[in-house]
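Good morning, and thank you for joining this group meeting.

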Amino acid sequence: MKWLEIAVSTTPEGVETVAEILNELGTGGVVIEDPAVLYNLALEKGPEEVAVEPGELLPGFPSVKGYFPLQAEVGEKIEKLRNALAGLNLKRPPEITTREVQETDWANQWKKYYHTTEVGQRFVIKPSWEEFTAAPGKLLLEMDPGMAFGCGTHPSTVLCLLLLEELVRGGEMVYDVGTGSGILAVAAAKLGAARVLAVDTDGVAVKVARENIELNGVDRVVKVVQGNLLDSVKEPADIIIANIVADVIMELAPAAVSLLKPGGIFISSGIYLGREKEVQSALAALGFAVLDRRREGDWTALTARKM
Ligand SMILES: C[S@@+](CC[C@H](N)C(=O)[O-])C[C@H]1O[C@@H](n2cnc3c(N)ncnc32)[C@H](O)[C@@H]1O
């Protein structure tokens, strides 16, 4: 299948916003190429380790690339993108370039940016193709996100991992809504949750999450289902976690409040700059007590307790 790659060259501050716009336009995947990230990785690990061509280490602006099936409406997408970018008021106007590509050309590009990282006190996130021995006491999350969201380095995912580390004590029933690669479900299971139900609307995510759950040996604890929000769920939960976007979190909140046990916790992340007050008010109106508001870059995660 042929795809149109739409690359937006922008400032480091614009990267997350541009990625968000491309996601809202329905990209089949976002690749962020930041020369500074590659440069630091090459310094840390050596150029051979990160498989970077010398030319790629030249300084330059980050580029955010989205991929769209090459069909008639792609022109419309570019127009919408131009309008959304024009409203951003960035220090340097973003520049758009396009080219036709085969899926095989771009589907693995992100791998050169994905390396073993530690998050919080205990998590070590390791791409499945890298060799790494975690120190005793660490919790290894071995991931191959493929084309599903959730390699573990996005700020909204990092916030979720930090909150799970603080809140999962062992024995809980956890719902992971919008599981993507399954990373949060795996993390909850490794922290000792008794059972985890992971849900995603996207068939690719469901397949990838199941593979990652097996890879991490937590398939007895985690079940993955394809579905919308918590529509098919009846059993009460101790913790519900959702890293999606503000509008979807507000749509999910009424089901979350009715499914949580009294005192249960709703962790919501993926709330982009400027939307947190709106989500916080929606949670409070449903009777949640918002306990914690945590930020990483332009992203916020809220922790709320069912009273
Ligand atoms: C930002 S990704 C989060 C992935 C992973 N949980 C993480 O934290 O890195 C959001 C995921 O939510 C899924 N999603 C979006 N709307 C949904 C809905 N209404 N019900 C279930 N999943 C949904 C998307 O398909 C995507 O996989």
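Let me begin with a definition: a residue is buried if 20 or more other C-beta atoms lie within 10 Å of its own, exposed if 12 or fewer, and partly exposed in between, with C-beta atoms placed from the backbone. D200 has 27 C-beta neighbours inside 10 Å and therefore counts as buried. This is a predicted model, in which local features need pLDDT of at least 70, side-chain atom pairs count only at pLDDT 80 or more, and totals for chains, interfaces and linings use all residues. Residues are numbered from 1 along each chain as its sequence is written.

Where is D200 found? D200 lies in strand β9, residues 195–200; strands are DSSP runs of E, at least two residues, and helices are runs of H or I, at least four, numbered from the N terminus. Leaving aside neighbours within four places in sequence, D200 is in contact (C-beta atoms within 7 Å) with residues including G178, T179 and Q226.

G178 sits in the loop between β8 (173–177) and α6 (183–190). G178 counts as buried because 24 C-beta neighbours lie inside 10 Å. Beyond four places in sequence, the contacts of G178 are D200, A242, N243 and I244.

An unreviewed UniProt entry annotates T157, G178, D200 and N243 as "binding site"; such annotations may be inferred rather than shown by experiment.

How values were computed:
Two residues are in contact if their C-beta atoms, placed from the backbone, lie within 7 Å.
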